[in-house]
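This report looks at pockets and at the packing of helices. The sequence and the structure come next.

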Amino acid sequence: MPHDHDHDHDEGSELSPIALRVKALESLLVEKGYVDPQALDVLIETYETKIGPRNGARVIARAWSDPQYKAWLLKDATAAIASLGYTGRQGEHMVAVENTPDTHNLVVCTLCSCYPWSVLGLPPVWYKAPPYRSRAVIDPRGVLAEFGLTLPADTAISVWDSTAEIRYIVLPMRPEGTEGWSEDKLSGLVTRDSMIGTGLALSPGIAS
Amino acid sequence: MNGPQDLGGQMGFGAVAPEADEPVFHAPWESRILALTLAMGAAREWNIDKSRHARESLPPAQYLGSSYYKIWTDGLIELMVAQGLVTREEVASGRMSTSPKKVAGKLLAKDVPAVLAKGGPTSREADAGPRFKPGDKVRTRNMHPTGHTRLPRYLRGHVGEIVRLHGAHVFPDTNAHGKGENPQALYTVKFSAREVWGEARHPRDTVSADLWEPYLEPA
């Protein structure tokens, strides 16, 4: 667990100070009529069950399967991704960057937690925490090593710091040995980390 | 502002700690504050730039000592107090003691899917055309504004190349302070790692950022 994570103790009857603070805040905002508690439930359910990295995996699998779609994705990712039904909050303006044997891409937000919610869901804790945000730009190879990823020494690393509302998705290289695979089967090889650039797509042997 | 949020290149935070099978939320309160923050956006009392500035304005020790959703909690409270939606006494007690402020909107459960699908695009029509084009060399300004900016410290005063033009987008430096959307051309600018970090870096590595025209001058 990252060292900055606020440990919570919701399991028992005692709520942590921050849990109590948020509970009080919610009661107050409902009482004042600013928020609809059912809307909160729908928001949470949406990000827990509907919007997540499987959306992005479908985009990547389509790009691996269809050269025309891939070309569209690299030229106008916002439109290409919207064509699959993934639009909206924190995905209003998308850019896809392609990994090649020559270049590996890595995405970070050094200023906050910018992340393509519409295709990857909410970011993991490490993405929002100081170790990743501080070091991805200055020491990308060291960071990748902490994810167990060591690239050939001559591979260039392109780091994308999402300082505006443009959200990035990495198009990982299609694993070898997947000729003739369906999009659905291919999407099973696409991990969240491979779309951030802290990992690679799974090879067929590992996935099965 | 040179706040605690501007982390690029800082040292001493230790190793990244990936977590196997990380849950979307680690505790129920995290999901509630995320949802409260999203829902309160419907009141239209602030914009995304103002909310970022509220979080960045937390004292550095508080910011760096907090989990991400605790920063969101404190940021949301600061915004609501500043806008007169709640008082600090109400926040402490969790009970209403002043009349609600009339606000522009309220997010209802039935509207959540449509609101999320719509999002909040920041592209705008600009008064003037872009000054630069892909392939141009630019230098980032050496600037240290006390207000909000999205030009990270580590990229100030460096020469990079325009690799993409995104049209004009809302300019955070004014939008965060109620001074208008003031749309400006937005570019992706690519810098060599050696230009930014020195000769010890890999000669082929690069770092790119999305930067608004007022951050840039011809190189």
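## Pockets and helix packing

Within the lining of the second largest pocket, helix 2 of chain A is the element that gives the most, with 4 residues. The model is a predicted one, and the values that follow are computed from it.

The second largest pocket has a volume of about 460 Å³. Its lining comprises 22 residues, of which A:Pro53, A:Leu120, A:Arg192, B:Glu22 and B:Val24 are the closest to the centre of the pocket. Two or more lining residues are given by each of helix 2 (37-50), helix 3 (53-65) and helix 11 (192-196) of chain A.

For the largest pocket, the volume is about 1,200 Å³. Among the 42 residues that line the largest pocket, those closest to its centre are A:Arg89, B:Gly41, B:Asn47, B:Ile48 and B:Gly120. In chain B, helix 1 (28-40), helix 2 (48-56), helix 4 (68-82) and helix 6 (112-118) each supply at least two residues of this lining, and helix 2 of chain B provides the largest share, 5 residues.

The classes of the lining residues are set out below.

The crossing in which helix 2 of chain B passes helix 4 of chain B is right-handed. On the side of helix 2 of chain B, the residues in contact are B:Lys50, B:Ser51, B:Ala54 and B:Arg55, and they meet B:Ile71, B:Trp72, B:Gly75 and B:Leu79 in helix 4 of chain B. By class, the residues of this contact are 4 nonpolar, 2 polar and 2 charged.

A further helix pair joins residues from both chains: the axes of helix 1 (residues 17-31) of chain A and helix 1 of chain B come within 9 Å and cross at roughly 35°. Here the crossing is left-handed. Helix 1 of chain A takes part through A:Ile18, A:Ala19, A:Val22, A:Leu25, A:Glu26 and A:Leu29, while helix 1 of chain B takes part through B:Trp29, B:Arg32, B:Ile33, B:Leu36 and B:Met40. This contact has 9 nonpolar, no polar and 2 charged residues.

Definitions and conventions. Residues numbered from 1 in each chain as written. Chains lettered and ligands numbered in written order. Predicted model: local features only at pLDDT ≥ 70, side-chain atom pairs only at ≥ 80, totals over all residues. Heavy atoms only, no water. 1 Å grid on protein atoms, 1.4 Å probe; cavity = no way out; pocket = protein on both sides within 12 Å on 5 of 7 lines; lining within 4 Å. Points joined across faces, edges and corners; volume = space filled by probe spheres on them. Left-handed = near helix turned anticlockwise from the far one by under 90°. Contact = heavy atoms within 4.5 Å. Nonpolar A, V, L, I, M, F, W, Y, C, P; charged D, E, K, R; others polar. Axes fitted to C-alpha atoms, helices over the stretch in contact; angles between N-to-C directions.
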